[in-house]
Amino acid sequence: MHRYIIKRLLMLIPVLLGVAFIIFAIMSVAEGDPVYQVAGPDATEEQLEALREEMGLNGSLIERYFRYIGNLLKGDLGVSYVTKLDVMQLYLQRLPNTLRLASIAMLVAVALSVPLGIVAAVNQNSWKDTLAMILALLGLSMPNFWLGLLLMLLFSLKLGWLPSGGAEGFTSVILPAVTVGVGLAALLTRTTRSSMLDVLRQDYLRTARAKGVSERKVVYVHALRNALIPIITIFGVQFSNVLGGSVLAETVFAWPGVGRLVVDAIDQRDIPTVTGALIMTTMLVTIVNLLVDIIYAYVDPRIKAQYTK
Amino acid sequence: MADNAERVSKLYKKRSSLGMAWRQLRRNKGAIIGMILLIFIIAGALLAPIVYDYNTDVIGMNVRDRMQWPSAEHICGTDDLGRDIFARIVYGARYSLAVGLVAVLIALVIGTVLGAAAGYIGGAFENVVMRICDIFSSIPSVLMAIAVVSSLGKSTINLMIAVGIASTAPFVRVARAAVLVVKDEEYIEAARAIGQPDWKIVAVHIIPNCLSQIIVQATLRVGSAIISAAQLSFLGLGVPAPAPEWGSMLSAGRLFIRDYSYMTLFPGIAIMITVLSLNLLGDGLRDALDPKLKR
Amino acid sequence: MENKGKEEITDREILNIENLRVRFETEDGIVYAVNGVNLKLGYRKTLGLVGETGAGKTTTALAMLRLVPDPPGVVECDRLEIDGQDVRGMSINRLEDVRGKDISMIFQDPMTALNPVLTVGEQIAESIEIHEHLHKDEALKKAGDMLELVGIPRARLGEYPHQFSGGMKQRVVIAIALACNPKLLIADEPTTALDVTIQAQVLELMTELKEKYNTSMIMITHDLGIVAEVCDEVAVMYAGKIVEQGSLEEVFGETLHPYTEGLFNSLPNIKNRTAWLKPIHGLMPDPTDLPPGCAFAPRCNYATEECSASCPALKNMGGTHFVACSAYERDPDFLLERRRKNG
């Protein structure tokens, strides 16, 4: 098992280098030379050249990329054009907020979707199933930021129950988390249902029933444990979408997370901040995916055995 | 002679399997609802210029009529510049559908070609393509699109490219998987045995066989591409003002949400119904074309 | 005390089913799987339920445990008693007490019968926990005993099903079924999915354990060799009905039904190795569209027109021997070819 984890960690390195390169390359073709932006219209050619050197913008793309990676390994993401603050620090300041939002959103998603998916599968083709599937379809079809606006309208502006923005106190996380969680919940409801339907057909449930296991235990112990395996996989894949969704929710609810940082930085053409935040976010996604794969291996003894041999 | 007979039987087979899928689809209530909704939306988008004049009704200001709640005259009300929201929504369908379709087309072409080539060629090439695919899927697609738009600049075309690039990876995966399944079938070996060139085998035998999966994937992706585009416009990175894009209408409406909530309501409903109809149709197509995937 | 009990139970049955009917209502039509089966089985007896695939043997067995999936299955019967208890009207809670304790079942395919994410020990212990109300540790200890009983070292208790071979898995399935000393054990083709060499071992193990624990058994099989080896009584099923029933000697020695004869003829003859096999021609009728008369008539060498007109009932032909064939009504002296040859 340890060898499996080490192998996966090693495989992470080229992926992370690739991620950094792609983001770095995309951000480098950004139109307009940032040097003009910083130096102002009256700067001379020498001043511009000196500034270029200072900002680390001299040399070819490849040269700059390796310099960037070298700094990244030291934990240095450069300095924001706008605030002149250290990008790594900016990012780390915002990260806890985003993680809080993302994890509560995922909890909301699981709490809504797994029971709904199980009920739908156990009562296949009944009105409960139809209702659950309609809800899931609506959840998938609804743009999350619009849902966020509607929630804000109802629960904070009309009813006044919850704050409409900011990150003060526990209640402020509820609306953004529901906003992000509903889309994931819709997807997970479908996955849970189809995975449960698959498992409910299996012979080993008949064996369990034949030895007198109660129907409740058949569903929640024997079936669910098998059905969870594909659900966990989806969970890992979707973490990236949760972070993406939180960019929108953070904008709607003025939540001071990484998403806001990126959107504001783009507005101000603050390339180092955008690049740094994107690279760090993607690394986070990759590491979470690795963790999910490891959990997956622990849940499914067949996979665990494959790697312990 | 034999060649002809073979061709006829092949055609017959193709038609009958398509016919079967169509019969399946017709029995699926959700798919029919989705199709009808979609026809209405497309018809509305196409006919919009006949009913509304773009310059006066859609982007022209009319300050006297500003901020009117829905009424018989303006069934969705008017916005802060006095423009009829319904007219803007109907026109906006053109943007959303165009962005969704073109973005998916970009993703489909690049993704299918890369995926099919990866699956067929295999080896190091396949490895490289799939790793790049991994890299792209670990960047959250909203952030990916944000990066592309902010780097290329704000315009409708760039929005299409950004959303397209961000949704390419799934097509690569689907195409590769489909190719891997059919690659070792006997009729492919037969084609190879009679000396058909690789490109012809891929184009004539392999791609048509994974077409159904790609169609399903594409239909479902148009919906999410429309949402992505609306998200970017909402963030101010999409179709530039004053064009009536649904996402930017929501972004504008948001400023007045407390007192004029209808401005936030209707563009969102438009996005939801459009995506819903695409999802209904896509689910129906999946069940009809790919019985293996059926729940 | 034990002797007294023994005498008392000899005139009662472990199993008593009357007029069991099961149908599956599917989109493509109604499948009539079991069409009026009566079965009685005495304590410590073994009944062989014989017939080809699709005859309704497994469905009959599942109906005894009330495990026929519903929907699409619909089960009806006039009587369903296990050890004198009416299973038909039993509450779900009560039924769960009966399953695994009074009656348990060994399933056909050991590859799919075990839960892949639970250890073998957990799966055996679960039954013991439920029925003997033991703590988990004690139940696991007893599960270890069961594992040793079926010839697997106790140390493998913590392993998962995928770590076992097919034959080993079937032993585990047997250990689960026997964990709480059931009074009635249903074995549904327990050896079909196994290698021939393993088949004999598993069969031997089962008969040995059955003797040891005084279990009654229903052996579902299409293999007449197994029936001859382990069964006291035989019931032959065809298209959801019992067509011939009796003691092993009666059915094997004085075969009455043309279908049973057909089954024997399909076996290779050891005494005459050059003889051709005589398979039963044709296929079992479509269970969604059963013929109005005798379901076997279209394949029967002795069939007359009357056979396809009316459905013969099961009739006593002396002793405990029953047959459902109208040939004996028309001609009391009717003899199958097999009987004529055997004299």
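**View 1. Chain B runs α-α-α-α-α-α-α-α-α-α-α-α from its N terminus.** Chain B of this predicted model holds twelve helices and zero strands. Helices (H or I, at least four residues) and strands (E, at least two) are DSSP runs, numbered from the N terminus. Along the principal axes, the C-alpha atoms of chain B fill a box of roughly 75 × 40 × 35 Å.

**View 2. The interior of chain B.** Among the 295 residues of chain B, 46% count as buried; a buried residue has 20 or more other C-beta atoms within 10 Å of its own, with C-beta atoms placed from the backbone. Two residues are in contact if their C-beta atoms, placed from the backbone, lie within 7 Å. Of the contacts in chain B with a separation of 6 or more, 70% join residues 24 or more positions apart.

**View 3. Where chain B touches chain A.** The contact takes 35 residues from chain B and 40 residues from chain A. On the side of chain B, the elements that give two or more residues are α5 (123-138), α6 (141-152), α10 (198-234), α11 (246-254) and α12 (262-289). The largest share, eight residues, comes from α6(B). By class, this side has 19 nonpolar, eleven polar and five charged residues. Ala, Val, Leu, Ile, Met, Phe, Trp, Tyr, Cys and Pro count as nonpolar, Asp, Glu, Lys and Arg as charged, and the others, Gly among them, as polar.

**View 4. Chain B beside its partners.** Two pairs of chains are in contact, and chains A and B share the most contacts. Chain B and chain C do not touch, and their nearest C-alpha atoms are 14 Å apart.

**Notes.** Residues are numbered from 1 along each chain as its sequence is written, while chains are lettered from A and ligands numbered from 1 in the order in which they are written. In this predicted model, local features need pLDDT of at least 70 and side-chain atom pairs count only at pLDDT 80 or more, whereas totals for chains, interfaces and linings use all residues.

Definitions and conventions. Buried ≥ 20, exposed ≤ 12 C-beta atoms within 10 Å, placed from the backbone.
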